[in-house]
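This report goes through one protein model, part by part. Please look over the sequence and the structure before reading on.

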Amino acid sequence: MKTKYFRFLYGAQKLCMVHFGELTDTLTEERFTFLYIRRMGRGGSVPKSGKSLFLCPKQVDLVVLGSADKDADAVLQEILQVTEVKLVVLPKSDYSWKTKLADVKQVEMLSPEAEQKCTVDRVAEFAAGSKPVKEMVLREAGWKFFLKSYTVGSIVMAHSLDGNLDMVCNANPERETDKVCEKRYEDCIMSVKVLEEEAACCAEGSPDGYACALGCVQKRDSDVCRYQRKAATNSYLTGALLYGSRMSRQECSQLEQDMGAWMEEMRFFCLPDCTVAAEETSGEESRGTDNYFERLARKFKRYYLAGREELSAETVKEICDSGLYQVPGLFGDGDGICCSGLLKYREL
């Protein structure tokens with residue numbers, strides 16, 4: 001059985017939200033790993049045990065800094081001490097990075113003031129330029145990554161299964177001018193569970209993908225998300241949208257426009273520090289999440305992640321009120337969740 005395995009970890013580490021992702025494809029023999037790091041506003045904390053929620057592998061292909069500050073800088077320093085990184089993407093800001101980036105193969109900077117955009121199919125093919133770019137689109141191991149800076153010192157990242165590769169088209173043996181197209185994958189299954197120190201993803205840098213994905217479904221209490229696509233217009237719901245550390249209403253609206261129909265594929269939303277936005281606005285503007293979560297509500301589970309102090313009680317209530325499929329997840333002292341799953345290739 002040929003599969004595309006994925007593992008996504010979300011957790012709090014040294015005052016930051018850290019998102020680790022791993023993709024392993026047994027058909028194409030591709031593997032891709034990535035990290036997204038941003039400050040958690042006022043909600044992060046160091047785990048009581050003093051240990052990280054999970055072990056980072058010895059090599060990571062992509063590291064994205066969602067915020068420019070000493071907290072994200074400290075996490076990056078710690079990672080680079082034990083991990084080789086191919087590409088680091090930083091937000092343009094006035095912050096002076098303490099991390100020594102000389103050992104990183106490539107460094108790119110994103111700026112909301114830049115005009116140029118960058119699209120590559122492989123990180124290895126990426127050629128860093130001397131000038132910042134506004135947004136980047138990467139495709140690796142059948143996955144699509146979108147990076148953009150909407151405000152100085154912050155980067156948004158979205159990723160999901162690349163829909164461009166979701167159909168397989170071969171020549172029709174009866175008519176050479178025609179093509180026969182079939183869905184590449186038969187089904188998708190994933191499980192979402194709480195991260196615990198004894199879990200394999202916390203004890204091993206590279207656990208067995210297939211066993212990790214299905215073992216947790218059988219042995220641990222979790223939400224099982226199973227989605228079989230029935231129409232050509234639907235997509236497998238594997239995506240994650242990681243907002244920057246702070247975003248205005250206008251910037252969130254622009255992000256929604258940029259995402260377009262791709263928003264339908266998102267399962268996980270790492271929310272910005274909504275308490276800061278509420279303090280800086282008043283009147284109608286202070287209710288920055290009015291109708292927002294109702295617009296995102298679907299008849300499948302969506303998870304909304306943030307630090308415990310980043311979301312007000314009103315915002316959490318709005319998430320819960322918008323439907324029973326809307327699941328808030330508030331991280332505190334060493335908390336985290338894991339999503340692991342696989343897409344099964346259609347048998348030829």
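A polar contact is a pair of N or O atoms within 3.5 Å; within protein, one must be able to donate a hydrogen and the other to accept it. The model described here is predicted.

## The start of helix H1

At the start of H1, a side-chain oxygen of Asp 69 comes to within 3.2 Å of the backbone nitrogen of Asp 71. Helix H1 itself covers residues 70–82. With 13 residues, H1 reaches 19 Å from its first C-alpha to its last, close to the 18 Å expected at 1.5 Å a residue.

## How H1 sits on the strands

H1 lies across strands S1 (3–13), S2 (16–25), S3 (30–39), S4 (59–65) and S5 (84–91), and runs at about 150 degrees to S3. The buried residues in H1 are Asp 71, Ala 72, Asp 73, Val 75, Leu 76 and Ile 79. An α-helix has 3.6 residues a turn, so residues three or four places apart point the same way. The cover over the buried residues of H1 includes S1, S2, S3 and S4.

## The sheet

An open sheet of 9 strands, with mixed pairing, has the order S6-S5-S4-S3-S2-S1-S19-S13-S14. Its edge strands, S6 (106–110) and S14 (223–227), each pair on one side only. From one strand to the next, the twist averages 15 degrees.

Strands S13 (residues 185–194) and S19 (residues 336–345) run antiparallel and are joined by 9 bridges. Ile 189 has Leu 342 in S19 as its bridge partner.

## Arg 38

Arg 38 belongs to strand S3. Is Arg 38 buried or exposed? Arg 38 counts as buried because its relative accessibility is 0%, and the cut-off for buried is under 20%.

The side chain of Arg 38 reaches two backbone oxygens: that of Leu 271 at 2.4 Å and that of Tyr 243 at 3.5 Å. Leaving aside residues up to four places away in sequence, Arg 38 touches several others, including Cys 16, Gly 66, Ser 245, Pro 272 and Glu 310. Arg 38 and Ala 72 are 34 residues apart along the chain, with their C-alpha atoms separated by 5.7 Å. Ala 72 is one of the buried residues of H1.

## The nonpolar cores

The largest nonpolar core has 46 residues, of which Phe 6, Tyr 10, Val 89, Met 136, Phe 268 and Leu 305 touch the most other members. A second, separate core of 24 residues includes Met 263, Met 266, Tyr 304 and Ala 306.

Beyond residues up to four places away in sequence, the contacts of Val 89 include Leu 62, Val 64, Glu 108, Leu 110, Met 136 and Ile 155.

Definitions and conventions:
Residues numbered from 1 in each chain as written. Predicted model: local features only at pLDDT ≥ 70, side-chain atom pairs only at ≥ 80, totals over all residues. Heavy atoms only, no water. Core = buried A, V, L, I, M, F, W, Y, C linked by side-chain atoms within 4.5 Å. Buried < 20%, exposed > 50% of the residue type's maximum accessible area, 1.4 Å probe, protein only. Contact = heavy atoms within 4.5 Å. Pairing = 2+ DSSP bridges. Helix = DSSP H or I, 4+ residues; strand = E, 2+ residues; numbered from the N terminus. Axes fitted to C-alpha atoms, helices over the stretch in contact; angles between N-to-C directions. Expected span 1.5 Å × (residues − 1).
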